[in-house]
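Dear colleague,

A summary of what was found follows them.

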Amino acid sequence: MTQSANPLRAELESVIGECVNCALGLNDTLIEERDALKRQDSAAIMDAAARKQRCIEQLEQLDARRADLTEACGYGRSPGEMQTVARDLDAASGENHLLNCWNHFMEIAHKCFDLNSANGAIIRVRKTQITNSLATIRGGATDDQTYGPAGTEPQAERARSLAQA
């Protein structure tokens, strides 16, 4: 650790605090996205998706700042090393604030991951339902693939117009 650890610690605390605030915003956005998915409100879904993207971009920027700060303290850049960084900096100051803040951020991040996974599952189920309905209308077999790996339709019979079905 370098001599400039105290100012870096304060800045690192600030960055992690911003991460917590941003992650809380992401959490709220993911809950709103789930509600919009349940209501099938496409405008609200698009709005939530845009806000979610902004939160993710902001978190990426904050993580880059966090990585720069941990490197300036003489540690590696990976988020996995943050526990060690926080413990060491807290020990030097006689506090546990940095570690507690980081752990709080990680709890929120895990919750966001779970919420996003659940929202993705809702989207996959809806996609399958729509794909199966279209296959039924077209008179073909149900197949959850809308496009093949090359970006083309996987079956020629899907090219048939709905009027022909």
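**Overall fold**

The protein chain has four helices and zero strands; helices (H or I, at least four residues) and strands (E, at least two) are DSSP runs, numbered from the N terminus. Read from the N terminus, the order of elements is α-α-α-α. Please note that this is a predicted model, in which local features need pLDDT of at least 70 and side-chain atom pairs count only at pLDDT 80 or more, while totals for chains, interfaces and linings use all residues. Residues are numbered from 1 along each chain as its sequence is written, and side-chain values use heavy atoms, with hydrogens and water left out.

Of the 165 residues in the protein chain, 30% are buried. Here buried means under 20% relative accessible area, exposed means over 50%, and partly exposed lies in between (1.4 Å probe, protein chains only).

H2 has 31 residues, and the distance from its first C-alpha to its last is 45 Å. This is close to the 45 Å expected at 1.5 Å a residue, where the expected span is 1.5 Å times one less than the number of residues. The buried residues of H2 include Lys 52, Cys 55, Leu 59 and Arg 66.

Gln 40 is in the loop between H1 and H2. Its phi is near 60°, a positive value in a residue other than glycine, and at 56% relative accessibility Gln 40 counts as exposed. Just after H2, Gly 74 also has a positive phi, of about 95°.

**The largest pocket**

The largest pocket has a volume of about 250 Å³. On a 1 Å grid over the protein atoms alone, a pocket is an open set of points where a 1.4 Å probe fits, with protein on both sides within 12 Å along at least five of seven lines; lining residues have an atom within 4 Å of a point. Grid points are joined across faces, edges and corners, and the volume is the space filled by probe spheres set on the points.

Helix H1 (5–39), helix H2 (42–72) and helix H4 (97–138) each give two or more residues to the lining of this pocket. H4 provides the largest share, five residues. Among the lining residues are Leu 26, Lys 52, Glu 60, Phe 105, Cys 112 and Asn 116. The lining divides into nine nonpolar, one polar and two charged residues; Ala, Val, Leu, Ile, Met, Phe, Trp, Tyr, Cys and Pro count as nonpolar, Asp, Glu, Lys and Arg as charged, and the others, Gly among them, as polar.

**Aromatic pair and cysteines**

The structure holds one aromatic pair. The ring centres of Trp 102 and Phe 105 are 5.5 Å apart and their planes are at 50°, so the pair is tilted. Rings of Phe, Tyr and Trp (its six-membered ring) pair if their centres lie within 6.5 Å; planes under 30 degrees apart count as stacked, over 60 as edge-to-face and the rest as tilted. Trp 102 and Phe 105 are three residues apart in helix H4, and therefore separated by about one helical turn. Trp 102 is buried at 4% relative accessibility, and Phe 105 is buried at 11%.

The structure holds zero disulfides, a disulfide being a pair of cysteine sulfur atoms within 2.5 Å. For Cys 55, the nearest cysteine sulfur is that of Cys 22, 4.7 Å away. For Cys 112, the nearest is that of Cys 55, 8.4 Å away. Cys 55 is buried at 13% relative accessibility, and Cys 112 is buried at 5%.

With kind regards
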